[in-house]
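Hello,

Here is the structure for you to look through. My notes on it follow below.

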Amino acid sequence: MRALEPLAWVGPAVLLIALVVLWPVVEMIRSSFLKISRFGVVQGDNGWANYEKLFGEKDFADIMTRSVIWVVAVVAFTVLISLALAQLFNQRFPLRKVARWALIAPWAASVLMTAIIFKWMLDPEVGVINQIRLKLGLIDAMGGASADQLGDASTALPWLVFVAVFVSVPFTTYALLAGLATIPSDVYEAATMDGAGKLRTYWSITLPLLRPALTVAALINVMNVFNSFPIIWAMTHGQPGYSTATSTILMFILKGSNIGESAAMSVVNFGMVIVLTAVFLKVSRWNKEVA
């Protein structure tokens with residue numbers, strides 16, 4: 001009986017994980033093999049037909065490629081900017097606490113609300129960004145007064161990446177700040193005594209010791225960005241056509257006409273997250289100890 005005592009503590013957590021995580025995954029996979037009407041009525045087994053229809057979509061390959069590019073671009077820019085901000089906010093300067101609190105604002109605000117605000121700012125007629133372009137004399141060079149920055153993929157995608165980075169930087173910066181706080185000061189003192197410059201110290205000491213925090217922050221960003229929905233949906237709905245859509249947007253669009261195909265897209269998304277996570281962990285060598 002004593003050997004079973006840990007189950008009283010572990011059991012509820014295991015049950016919660018099974019109900020909240022495993023059961024939805026099983027249902028998602030099962031639904032991808034069913035024929036389901038747009039009203040949610042199961043009409044029987046559908047075999048691999050949902051997957052065949054999904055892979056046959058003419059924009060499927062482009063959307064999956066764009067999804068990977070979206071994740072890599074957003075995470076890369078987020079990490080690079082957050083590394084710089086974390087190093088800055090780790091220094092002592094006047095009003096440092098105020099600056100740190102200000103950094104929380106984009107993270108504390110609703111992602112959907114932030115996306116809608118940026119959509120308003122990019123309005124081709126009354127948006128503040130167009131007004132700034134007009135004042136700077138850039139309006140003609142960028143397509144005229146009616147230019148819609150979100151109406152063309154070549155300009156919409158960079159703006160979508162910008163907004164995603166904007167809302168991702170605060171969390172990542174604070175995660176890296178926490179990592180910097182764990183680095184002992186005597187390591188830097190030893191590096192100074194050895195004559196190491198600031199750049200050399202950062203590259204050889206700070207970055208290696210920051211790797212655990214950096215790995216966790218980047219990994220969370222990979223999963224969040226891949227599954228990101230509010231930013232793209234609120235700003236472009238994946239339009240024009242599917243030119244700004246990612247796999248998550250396609251999954252939501254398919255839900256309105258074919259739930260089984262949408263479930264198949266969900267399974268593909270789930271697999272892609274696992275693959276991207278595995279690739280990231282392999283590249284980051286997360287389980288290798290810092291020399």
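L15 is exposed, with a relative accessible area of 52%. Buried means under 20% relative accessible area, exposed over 50%, and partly exposed in between (1.4 Å probe, protein chains only). This is a predicted model, in which local features need pLDDT of at least 70, side-chain atom pairs count only at pLDDT 80 or more, and totals for chains, interfaces and linings use all residues. Residues are numbered from 1 along each chain as its sequence is written, and side-chain values use heavy atoms, with hydrogens and water left out.

L15 is in helix α1 (residues 5–31); helices are DSSP runs (H or I, at least four residues) numbered from the N terminus.

Two helices cross: the axes of α7 (residues 153–181) and α9 (residues 198–226) come within 9 Å, at roughly 150 degrees. Axes are lines fitted to C-alpha atoms over the stretch in contact, and angles run from 0 to 180 degrees between N-to-C directions. That angle makes α7 roughly antiparallel to α9 (angles over 145 degrees count as such).

Now the backbone. Most residues other than glycine have a negative phi, and most peptide bonds are trans. L95 has a phi near 60 degrees, a positive value, and lies in the loop between α3 (60–89) and α4 (96–108). L95 is exposed, at 65% relative accessible area.

The loop between α10 (230–235) and α11 (247–255) holds P240, and the peptide bond from Q239 to P240 is cis, with omega near 0 degrees. H237 lies in the loop between α10 and α11; its phi is near 60 degrees, and H237 is partly exposed, at 34%.

Regards

Conventions: Angles under 35 degrees count as roughly parallel, over 145 as roughly antiparallel, 65 to 115 as roughly perpendicular and the rest as oblique.
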